[in-house]
Amino acid sequence: MAELTRRALIAAGGAGGIAAVLATSGGSAQGQHVHDEAVHAGHGGSGHADFRGGRTVDHAANGFDPHAIARDFDWGRTSRTASGRVLREWELVAIDRELEVAPGVRFAAWTYNGRIPGPTLRCREGERLRITFANASAHPHTIHFHGIHPSDMDGVPGQGAGQIEPGGKTVYEFDALPAGLHLYHCHVRPLAEHIAKGLYGAFIVDPRDGREDAEELVMVMNGFDTNFDRANELYAANSIPFAYMDQPLEVPHGELIRLYIVNVLEYDLINSFHLHGNLFDWYPTGTSRAASELTDTVMLCQGQRGIAQWRFPTPGRFMFHAHQSEFTELGWQGFFEAT
């Protein structure tokens, strides 16, 4: 039986080659079930790689939609401590779930709160944060937050609560520092597997005095190794390949756009973000108010992130994608619709 590998897909014409590969393998691939008729893609009328006929996954069955994730900022719930300080709280649960990551392609995922990426946690600089973590998975997990916190809150084995076994629970509590764009992920070995299977999310700490008003979106760049050979067959922002092609992300032209970009791609050393028809101010990690450059392309290793800001001066449809062509062909591309 032929395996559904990245090299085979690229040789067969990107995502459009999935059906061709499966035609020689009886319609299935190692580690998954694939329906040949559902996972076609092509370079037809639109001139772009996409799933044939605009097909996509069943977002309702997955329990999340990449269009909603792009604007879903989870502020948790707040209360006041005895001293009057803001205490912001969330509950995150590790759950094993099978998700559809391309039409007919099922993936045995490990998730926070049933979705990939996990909730985008958002707070304000200096607040006290409390994250209750329950492990409903069949595997040990943690949550490691990027940012500043005590060592016993670091979410790594051997420190603090250490790794949380199935059925276990712990609380991570620390101050929201520094202001900027961060991320969280599982830090249990084998680390690559825990990240590749979906245990990660974005973590935003707003400055005390806030930022300029803007149309805000978040993109967590990721991929999926569907046959467990440590090479990705699919790439995306917010998990679903080509999600923003036939249904672009609508943004207002003339107004400030702020995009929070986090790279958690596993098994590839570098990822990138490229914007068509414009340039953006780039704020690495979002910790400085001064942009590092005005550009249309940034390159990120795993864990790197930043804030991109720009305005579309005219209405229109503008592409964005990774500037590694094979990533683009295998799902990591979309459009902004400036209206």
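Arg 128 is partly exposed, at a relative accessible area of 25%; buried here means under 20%, exposed over 50%, and partly exposed in between, with a 1.4 Å probe and protein chains only. Residues are numbered from 1 along each chain as its sequence is written, and side-chain values use heavy atoms, with hydrogens and water left out.

Confidence comes next. The mean pLDDT, the predictor's confidence in each residue from 0 to 100, is 90 for the chain, and 86% of residues reach 70 or more. Over residues 18-41, however, pLDDT stays under 50. Where pLDDT is low, the predicted coordinates should not be read in detail.

Let me return to Arg 128. Arg 128 forms a salt bridge with Glu 173, with the closest N and O atoms 3.1 Å apart; the criterion is a side-chain nitrogen of Lys or Arg within 4 Å of a carboxyl oxygen of Asp or Glu. Because Glu 173 lies in strand 12 (residues 169-175) and Arg 128 in strand 10 (residues 128-135), the pair ties together parts 45 residues apart in sequence. Strands are DSSP runs of E, at least two residues, and helices runs of H or I, at least four, numbered from the N terminus. Glu 173 is itself partly exposed, at 22%. Both residues belong to a network of salt bridges that also includes Arg 77, Arg 85, Glu 89, Glu 91, Arg 130 and Asp 175.

Strand 5 runs parallel to strand 9 (residues 120-124), joined by 2 bridges, and Asp 74 stands opposite Leu 121.

Which residue forms a salt bridge with Arg 122? The partner is Glu 216, at 2.7 Å between the closest N and O atoms. This pair links strand 15 (residues 215-224), which holds Glu 216, to strand 9, which holds Arg 122, 94 residues apart. Arg 122 is buried, at 6%, and Glu 216 also counts as buried, at 16%.

Methods. Predicted model: local features only at pLDDT ≥ 70, side-chain atom pairs only at ≥ 80, totals over all residues. Contact = heavy atoms within 4.5 Å. Pairing = 2+ DSSP bridges.
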